[in-house]
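Please look through the model below before reading these comments. They are meant to be checked against the coordinates, point by point.

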Amino acid sequence: MTITSISDTHKNKYSKVKFDELQLRSDLLIHAGDFSPMKRDCDEEVKEFLAWFSSQSQKYKILIGGNHDFIPFKRKEEFLKMIPSNIIYLENSGIVLDGYNIWGSPNVLDLPDWAFSSSEEELKIIYKKIPKNTDILITHQPPFGILDNSSMHNDLGSRTLLKRVKELSIKINIFGHIHHSQGTEIIDGKIFANTSVNRGESPLYFDIKNKPHSAE
């Protein structure tokens with residue numbers, strides 16, 4: 001499966017995203033959260049983003065929330081009605097596409113007054129739900145110590161997520177949240193990718209060649 005991924009487009013930054021020819025031909029487009037503007041009453045802006053995301057050429061399109069995404073956090077049923085039929089929204093849930101097991105979570109560590117904020121104890125309960133046969137894990141936040149440094153602070157990721165991804169045989173963990181750390185790392189054969197485009201970065205592309213896990 002070929003994947004193109006972005007995150008943290010916030011206010012209209014999705015309109016500046018430029019996909020190259022390979023990215024446009026990928027099988028799956030992922031947005032790893034924070035698609036909303038920096039304000040809470042933003043229905044029209046979110047609808048405009050969803051229309052843009054829906055119009056992209058990739059066969060599959062998966063969206064998760066992030067800490068700025070108050071509409072799915074506070075008004076999930078309304079949000080689900082906004083989503084075009086060709087967008088898959090994951091919220092601590094999963095789907096199988098072309099045999100690949102994909103699971104997504106919007107939750108972030110200790111951000112009071114923001115959407116999907118959770119303590120490490122709450123994250124333990126959430127991440128325990130990730131199936132062991134997950135191939136592609138999408139989280140808004142990074143694991144602790146992996147592509148999680150901002151301009152002012154280091155190691156902003158979740159220790160609980162780090163522990164869980166070590167237990168899983170995932171092929172890739174895609175995330176965003178920390179704008180200054182876009183990039184990829186390979187650790188123990190697993191790809192970790194911060195795909196934030198908030199600062200004008202290009203989308204990231206991945207070719208997952210290994211066979212998917214079988215269903216449990």
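1. Conventions. This is a predicted model, in which local features need pLDDT of at least 70, side-chain atom pairs count only at pLDDT 80 or more, and totals for chains, interfaces and linings use all residues. Residues are numbered from 1 along each chain as its sequence is written, and side-chain values use heavy atoms, with hydrogens and water left out.

2. Strands, like helices, are DSSP runs numbered from the N terminus (E, at least two residues, for strands; H or I, at least four, for helices). Two strands count as paired if DSSP finds at least two bridges between them.

3. Strands 5 and 6 run antiparallel and are joined by five bridges; Val 96 has Asn 101 in strand 6 as its bridge partner. Strand 6 (residues 100-105) pairs with strand 9 in the parallel sense over four bridges, and the partner of Gly 104 in strand 9 is Ile 138. Strand 9 also runs parallel to strand 10 (residues 172-175), with three bridges, and Leu 137 stands opposite Asn 173 in strand 10. Between strand 9 and strand 10 the chain crosses through helix 6 (residues 159-167), a right-handed β-α-β crossover. Right-handed means that, with the strands pointing away from the viewer, the path from the first strand over the helix to the second runs clockwise.

4. Side chains of strand 9. In a regular strand the side chains alternate between the two faces of the sheet. In strand 9 (residues 136-139), Ile 136 and Ile 138 point one way, Leu 137 and Thr 139 the other way, and all are buried. Buried means under 20% relative accessible area, exposed over 50%, and partly exposed in between (1.4 Å probe, protein chains only).

5. Strand 1 (residues 2-6) and strand 2 (residues 28-31) run parallel and share four bridges, with Leu 29 in strand 2 as the bridge partner of Thr 4.

6. Nonpolar cores. A core is a set of buried Ala, Val, Leu, Ile, Met, Phe, Trp, Tyr and Cys residues joined through side-chain atoms within 4.5 Å. The largest has 23 residues, and Val 46, Phe 49, Leu 50, Trp 52, Phe 53, Leu 63 and Phe 79 have the most contacts inside it. Helix 2 (43-54), helix 3 (70-74) and helix 4 (76-82) each give two or more residues to this core, and helix 2 provides the largest share, five residues. Apart from it lies another core, of 22 residues, including Ile 3, Ile 30, Ile 62 and Ile 208.

7. Helix 5. Leu 123, Ile 126 and Tyr 127 are the buried residues of helix 5 (residues 120-127). They cover an arc of only 85° around the axis, so they are on the same side of helix 5; the arc is that of the directions from the helix axis to the C-beta atoms. Glu 121 and Ile 125, on the other side, are exposed. The buried residues pack against strand 6, strand 7 (108-109), strand 8 (117-118) and helix 6.

8. Gly 104, in strand 6, is buried with a relative accessible area of 0%. Leaving aside neighbours within four places in sequence, Gly 104 is in contact (heavy atoms within 4.5 Å) with Ile 64, Leu 90, Glu 91, Asn 92, Ser 93 and Ile 138. Asn 67 is found in the loop between strand 3 (60-63) and helix 3 and is buried, at 5% relative accessible area. Not counting residues up to four places away in sequence, Asn 67 touches Asp 34, Val 108, Leu 111, Trp 114, Ala 115, His 140 and His 177.
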